Amino acid sequence: MSDPSTAVRLDGKVVSEQVRKELAATVSEFKSKHPAFAPKLVAIQVGARSDSSVYIRQKSKACSEVGIIFEHIQLPDDIQQAELDKHLDKINNDPTIHGIIVQLPVPDHLNTKHIVHSIRPEKDVDGFHAENIGHLSKRATEPFFHSCTPLGCIELLKRYNVPVAGKNAVVVGRSDIVGSPIAMMLTNLDATVTLCHSKTEDIEAKVRDADILVVAIGKLEFIKADWVKQGAVVVDVGMNAKDDPSKKAGYRWVGDVEAAAKQRAAYMTPVPGGVGPMTVAMLLSNVVTSAIRHFEASSVVSIVPNPLTLQDPVPSDIAIASAQTPKLISQLASELNLAHAEFEPYGKYTAKVTLDVLDRLQGNSNGHYVVVTGISPTPLGEGKSTVTIGLTQALYAHLKRPAFACVRQPSQGPTFGIKGGAAGGGYSQVTPMTSMNLHLTGDIHAITAANNLVAAAVDARLFHESTQTNMQLFNRLCPKKKGERKFADIMLRRLQKLGIDKTNPDDLTAEEIARFVRLDIDKIMWRRVLDTNDRFLREITIGEAATERGMARRTGFDISVASEIMAVLALTTSLPDMRERLGRMVVALSKQGEPITCDDIGITGALTVLMKDAINPTLMQTLEGSPVFVHAGPFANIAHGNSSIVADRIALKLVGAPAGEPVTLDNAGYVVTEAGFGADIGFEKFVNIKCRASGLVPDAAVIVATVRALKMHGGGPDVVPGKPLAEEYTRENLELLEKGFANLRRHIENVNKVGLQAIVAINEFATDTPAELELVRKLAREAGAYDAVPTNLWAKGGAGAAELADAVVRCCSESKQNSNFHMLYDCNLPIKSKIEAIAKEFYRAGSVSFSEEAEQKIEEFTRNGWDKMPVCMAKTQYSFSADPALKGAPEGFDLPIRDIRASLGAGFVYPLCGAMQTLPGLPTRPCFYDIDVDSETGDVLGLF
């Protein structure tokens, strides 16, 4: 090194200004490419020490110069540790915050070490956390952040081109904040480091040997000038007040090294103006680094496939699922960039995801939106759920695209009845399939409890009104407590509905009290539900006990997924929206013919409490590790048959493009959602009910078909359970296949009719011949399909749908540029016109006939203002007509509407076409015969 008469000044002020300008440019440039980029630092100050307040103001000013959002949280000096921990926990889990500092010192009653280690290492921009400091000692790893002061020292050496490798470095002071970290940092830069401390013998000798000397002990001029080696580099971290009468303050700032050492050193930091300014600059650098790191990580979904080990022959669904170990749900959540506070694990492989994600990602563009539907179903099964899951696996594990499946939660009725579950099948399944097909996270149980609470409340209100006077009712509804009556909040809604503008119960007149307490229930429209197929509960008599005083009445049960509360869950967009929808549900009619709602009963808040966890979609995964949302499960023939809007929205944001950036093939993934039954049922309701409520626009539709199902639509023989399939289904029969193709053609035309491209997924079976598969492909393309692709997802998982996934990617790319999606009808049309639009445009009916009851209901609904809602047709899924035996593509038939009902909470009216069962029964041989538990392992047996 040189031997100057005066050391080169390692000017921290100059370098820190350079660093700040560079950081400001970095932030500006990154923000120009990514408009949503917003680095943020939060500083917590406990108490109001003047020196701490000065430091906070300095950091705030520095942040504003660079483009960092700065938030100062000042807490009282008597705050207790537990309360401070709550603040730290909140900001630790806020993904918009990239750096956290706690201004030290804190009051003595608080644990400084605990506070420092409570900050998550990835937000510890001070670099004080033990994990960050510990990684410094490992050459194979890097800390999230280096401590700011040591980092500032190293930055000074770099900016002045001071060589470090091979030099003898002596560090005096071993504090966790400066001494120990900088010793490790110098070691990592290949210096030979000696760390001195209060117990070190003959410090002077060691200092005299130092090529690089770093001193951080807080002792005024501890290192004497003549100890410093000629030509050494001196970094003085100390800042000490020395009496000086010549100064206005009566003191001046000096370091831990005598200032005269600059006569011997080659380079030396001044005090002040050396290390101090660099500390703040490095803090800013750490925040910007953290923000960029977080943005880049959270902008891309990590794709970590779970490889399949395929077997031939293909084992049972449950055997396949049991052989595949899913990823831990915490890992999957991390891959999706979910914050810790945004998901709540239910065991190892399942979690609830909160709607807070939508707030955080509200500026993001949506990913590509794909709906899977099918031909009119047959007893042979088309495998729509299997295709939905297999396509998602193909996009994720084989095309390496972010991909999310959104499916309905299966009802336990069919699970133990005849249909089985809805987790897909073969090597294209949601896992763990036993959890999905049984209780899962309890959403259906919550719906059952909420629904039956309504039923109990309505019957109880009818009972009490029949046995009490107006004042008795009023005294019980608004009892005096400590001499004062109060309305419950929900009661104020009823008063508002009645036009009574009073908030004090004692101000009501006798006539107002009568109107308030008397619902005058006449016709109860609400039925109880259960999640079990039980034919003997379809029609029952209740109120037979003597205690009900002769108030017996006829009613019945529906299956839980037919409850209006299920439809509300599927169509809601937020917790406040769900509360409003629940409050609007009509449960009865009064003697005057007025609708009585849940708000009138006073039960809305309680229902919302029962449903507050159910509104959060359940996160699971496919066998190949791609994420799945399982949420809501309305039937498609008696309800609208689609999974929830909130699940689709969250998934679209998670795989979408960052805010302000256009969606491209490279920066956005795919959400594959399933619509129940055929395209005339679930897809029509997806378009006209779900998309109307959500505002989401799909990019493509996949129609699932099988060769053998098309043969049945062509006139193939009936399938009888327990008997072998007829040879028409197991041997090549092109004539029968072409005749049955009329059903698929109709569905392709219907998808195209609303401005979407249709991709046909031919779910391949071993008995299908090449000629049959090619015929379907040819006819589908001629009918207007974007493409038609054979798939073998059941036997090969995602690999069996790679060609289908390619077609979906191509179609979505073209759709984003030329979207022509639109609804089938305008909601402002009269109810009859909307029904006829669906019947004639989608079903190809020649006419629609309305029963006298239906005509009366339409008049009543129009009079009540319920005629502006969409229509949810309750119709058999097996035919375009109301006759399930009428296969293929019938046209010109009459569609009979025997009744029409209103679901004000869900937001639609639903006409009933023919007789519709709302509670299935058990068959002669239900699935439960095969279901059991291995008493040694606890594994579920026989589930599919």
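In this predicted model, Pro305 sits in the loop that runs between H9 and helix H10 (317–323), and with a relative accessibility of 30% Pro305 counts as partly exposed. Leaving out residues up to four places away in sequence, Pro305 touches Tyr396, Ala397, Lys400 and Glu624. Lys840, by contrast, is 535 residues from Pro305 in sequence, and the two C-alpha atoms are 46 Å apart in space.

Tyr396 and Ala397, among the residues that Pro305 touches, bring us to helix H13, which covers residues 384–398. Thr388 is found in this helix, and because its relative accessibility is 0%, Thr388 counts as buried. The side chain of Thr388 reaches the backbone oxygen of Lys384 at 2.9 Å. Apart from neighbours within four places in sequence, Thr388 is in contact with Val372, Val407, Val672 and Glu674.

Within H31, the buried residues are Leu804, Ala805, Ala807, Val808, Val809, Cys811, Cys812 and Ser815.

The peptide bond from Val271 to Pro272 is cis, with omega near 0 degrees, and Pro272 has its place in the loop between strand S11 (267–268) and helix H9 (275–298). A cis peptide bond also joins Thr431 and Pro432, where omega is about -5 degrees; Pro432 is placed in the loop between strand S17 (428–431) and helix H15 (433–437).

Asn161 has a phi of about 55 degrees and is found in the loop between helix H6 (148–159) and strand S5 (168–172), where its relative accessibility of 64% makes Asn161 count as exposed. Leu440, which is not a glycine either, has a positive phi of about 50 degrees and is found in the loop between H15 and helix H16 (443–467). The relative accessibility of Leu440 is 17%, and Leu440 therefore counts as buried, given that the term applies under 20%.

The charged residues form the last part of this picture. Side chains of opposite charge can pair when their charged atoms come close, and in this model the count comes to 48 salt bridges. One of them is formed by Arg120 with Glu122, whose closest N and O atoms are 2.5 Å apart; Glu122, at 26% relative accessibility, counts as partly exposed.

The side chains of Arg485 and Asp506 likewise meet in a salt bridge, with an N to O distance of 3.2 Å. Arg485 lies in the loop between helix H17 (470–477) and helix H18 (489–498), while Asp506 lies in the loop between H18 and helix H19 (510–517), so this pair ties together parts that are 21 residues apart in sequence. Arg485 counts as buried at 11% relative accessibility, whereas Asp506 is partly exposed, with a relative accessible area of 45%.

Asp648 and Lys690 also form a salt bridge, and their closest N and O atoms are 2.6 Å apart. Because Asp648 lies in helix H24 (residues 645–654) and Lys690 in helix H25 (residues 679–694), the pair ties together parts that are 42 residues apart in sequence. Asp648 counts as buried at 0% relative accessibility, and Lys690 counts as buried at 1%. Beyond such pairs, salt bridges that share partners join Glu853, Lys857, Asp899 and Arg901 into one network.

Notes
Residues are numbered from 1 along each chain as its sequence is written. This is a predicted model: local features need pLDDT of at least 70, side-chain atom pairs count only at pLDDT 80 or more; totals for chains, interfaces and linings use all residues. Side-chain values use heavy atoms; hydrogens and water are left out. Helices (H or I, at least four residues) and strands (E, at least two) are DSSP runs, numbered from the N terminus. Buried means under 20% relative accessible area, exposed over 50%, partly exposed in between (1.4 Å probe, protein chains only). A polar contact is a pair of N or O atoms within 3.5 Å; within protein, one must be able to donate a hydrogen and the other to accept it, and residues adjacent in sequence count only if both atoms are side-chain atoms. Contact means heavy atoms within 4.5 Å. A salt bridge is a side-chain nitrogen of Lys or Arg within 4 Å of a carboxyl oxygen of Asp or Glu.
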